[in-house]
Amino acid sequence: MRHGSRIITAALPVLFLTGHAGSLVLTDSAGTPVSFGWLMAAPILAGMACLYRGWKDGFEGWLPAGAAMLCWAGGMASTMVATLFLDIVHEDRLSMLLYVLYGVPLIFALASPADEKWQVRLVDAALATALGYLYYIHVGRLISQSRTPAETVDALQLMFDVENLFIASFAVIRFLVRTRQRAPFFRAMTVYAVLYLFCAGYINHYQSATPYGGWSDLLIDLPFMVLAWHAVGEPYQRGLGAAGGSHAPRMVRAGGPLLIPVTLLTVSVLLVTYDPIIAISGCVGASLGYGLRTMLVQLRNFEEQDELARLSHVDALTGIANRRRFDEVLAREWARRREGPEPLALLMIDIDHFKQLNDQFGHAVGDQHLRTVAAVLSGCARRDSDLVARYGGEEFAAILTGIDPQDAGLIAERMRASVEALGLPSGTGVGVVTISIGLACAQALDTGMDLFVSAADTALYDAKRSGRNRVARRSVMRLRAVETPSTSTGGRAA
């Protein structure tokens with residue numbers, strides 16, 4: 001069934017072109033009005049295909065492309081009216097406006113990254129609109145100025161060549177840096193824009209004097225039919241969007257934000273000889289727009305850097321400080337003590353029999369217990385200057401600044417008692433989850449930070465050897481174990 005639908009979808013562009021060609025043969029001299037119908041139908045079908053794909057796959061990119069196709073169809077409709085009923089060939093302002101507007105949503109869709117914030121994309125949309133306005137004003141001036149028809153046609157051809165070249169270039173660049181999700185859109189637009197560039201260039205430069213209703217009209221249909229096929233045909237059904245752009249050149253990705261401002265500057269430079277005021281306005285608008293865009297992107301980068309810095313100091317599982325943050329704070333507080341003998345306490349905390357807990361209940365339960373214990377420990381260290389961190393595995397550490405040994409011992413005991421009061425199953429068959437704590441206090445300045453940490457580690461091992469579920473203290477200078485009073489008997493150590 002799918003194979004049959006793919007064949008039918010692939011055959012539709014061929015049938016459309018065959019129908020257009022057949023109508024030209026059958027109508028002969030009266031083929032101009034009929035051909036206009038086909039020329040309007042081609043972009044309409046392409047636009048509807050883009051909107052359909054957007055409805056199926058997300059409107060990002062496809063919606064502007066559909067709008068561009070409908071603008072082009074409107075331009076062709078205006079051209080038909082001007083040609084058949086008003087006898088206007090090169091002075092139809094409405095058709096020129098719609099042909100210019102056709103490029104604005106395409107340039108925005110191709111040059112504005114979808115992952116930018118809405119403020120940045122709003123600036124991109126404003127720059128793309130300014131570019132379209134620049135085109136239209138210039139086209140209007142060309143039509144109204146007293147030039148020969150040949151000069152007017154040459155100037156118009158140059159402007160449309162520039163527009164088509166930039167659209168094709170944008171499509172190729174974005175295809176090179178495509179993401180997995182948007183690969184089908186950029187592939188379709190690349191094929192369409194490059195094909196349109198060559199077909200429109202040939203028509204404008206070699207068939208501009210040929211009236212509508214000839215065989216060259218089939219070339220106008222071709223890019224739209226190819227786009228329609230890409231939007232709803234084989235690439236969609238086979239899911240060719242799996243390609244990614246992870247290997248795209250960094251220079252290309254970094255230069256993406258320059259696409260619209262550089263285009264606006266280029267067009268402004270081309271207009272200097274025709275309309276200096278408009279050209280200068282375009283240059284100023286491009287510079288200011290790019291400056292505003294850069295500022296907004298920079299603000300976003302600052303926010304992301306701050307968030308990354310925060311995340312780099314947070315343990316992903318428990319949400320408290322990680323080992324890196326612990327090391328930084330301990331080094332900072334130790335260095336601060338050189339200004340005076342400010343008391344400093346260090347608690348090394350370990351969950352008792354944690355391996356048995358994991359073995360019996362599984363790592364999911366073990367992780368949940370880690371989060372619960374971390375929250376309780378943080379709640380016991382209530383001062384802003386205190387830090388509770390995950391030291392590694394089931395081990396935690398706490399830094400208490402400006403605190404005497406007795407108060408540090410009270411906080412350590414509060415931590416121990418609070419964890420035991422949770423009543424979490426321990427996995428040992430009896431008792432509940434408990435913790436052992438090693439406490440070291442540094443008051444003098446004639447010792448080293450490594451010795452300070454070693455004293456807390458040794459005190460933790462003392463607590464483990466003494467039966468767990470208790471607090472043990474070591475003097476930094478004497479390294480002699482002194483067990484603090486505990487409200488628990490230690491008999492329920494798990």
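This note goes through aromatic contacts, salt bridges and a surface patch in a predicted model.

1. Some ground rules come first. Because the model is predicted, local features need pLDDT of at least 70 and side-chain atom pairs count only at pLDDT 80 or more, while totals for chains, interfaces and linings use all residues. Residues are numbered from 1 along each chain as its sequence is written, and side-chain values use heavy atoms, with hydrogens and water left out.

2. The structure holds 15 aromatic pairs, a term for rings of Phe, Tyr and Trp (its six-membered ring) whose centres lie within 6.5 Å, with planes under 30 degrees apart called stacked, over 60 edge-to-face and the rest tilted. The rings of phenylalanine 166 and phenylalanine 170 have centres 5.9 Å apart and planes at 50°, so this pair is tilted. Both residues lie in helix α6 (residues 149-176), 4 residues apart, about one turn of the helix; helices here are DSSP runs (H or I, at least four residues), numbered from the N terminus. Phenylalanine 170 has a relative accessible area of 2% and is therefore buried, where buried means under 20%, exposed over 50% and partly exposed in between (1.4 Å probe, protein chains only).

3. Tyrosine 192 and phenylalanine 224 also form a tilted pair, with 5.9 Å centre to centre and 45° between the planes. This pair links distant parts of the chain, since tyrosine 192 is in helix α7 (residues 183-206) and phenylalanine 224 is in helix α8 (residues 217-232), 32 residues apart. Tyrosine 192 counts as buried because its relative accessibility is 0%. Both residues belong to one aromatic cluster, which also includes Trp72, Tyr99, Tyr102 and Tyr196.

4. Side chains of opposite charge can pair when their charged atoms come close. The structure holds 16 salt bridges, each being a side-chain nitrogen of Lys or Arg within 4 Å of a carboxyl oxygen of Asp or Glu. In one of them, the closest N and O atoms of arginine 416 and glutamate 420 are 2.9 Å apart, and both residues lie in helix α16 (residues 405-421). Arginine 416 is buried because its relative accessible area is 0%. Lysine 355 and aspartate 359 meet at 3.0 Å, N to O, yet lysine 355 is exposed, and so is aspartate 359.

5. On the surface, Tyr52, Trp55, Phe59 and Leu63 form a nonpolar patch with about 460 Å² of accessible area together. Phenylalanine 59 is found in the loop between α2 (31-57) and α3 (62-84). Patches are made of residues with over 30% relative accessible area and no salt bridge, like charges being joined within 9 Å and nonpolar side chains (Val, Leu, Ile, Met, Phe, Trp, Tyr) within 5 Å; accessible areas come from the Shrake-Rupley method with a 1.4 Å probe, and for residues only the protein chains shown count as cover.

Notes: Helix = DSSP H or I, 4+ residues; strand = E, 2+ residues; numbered from the N terminus.
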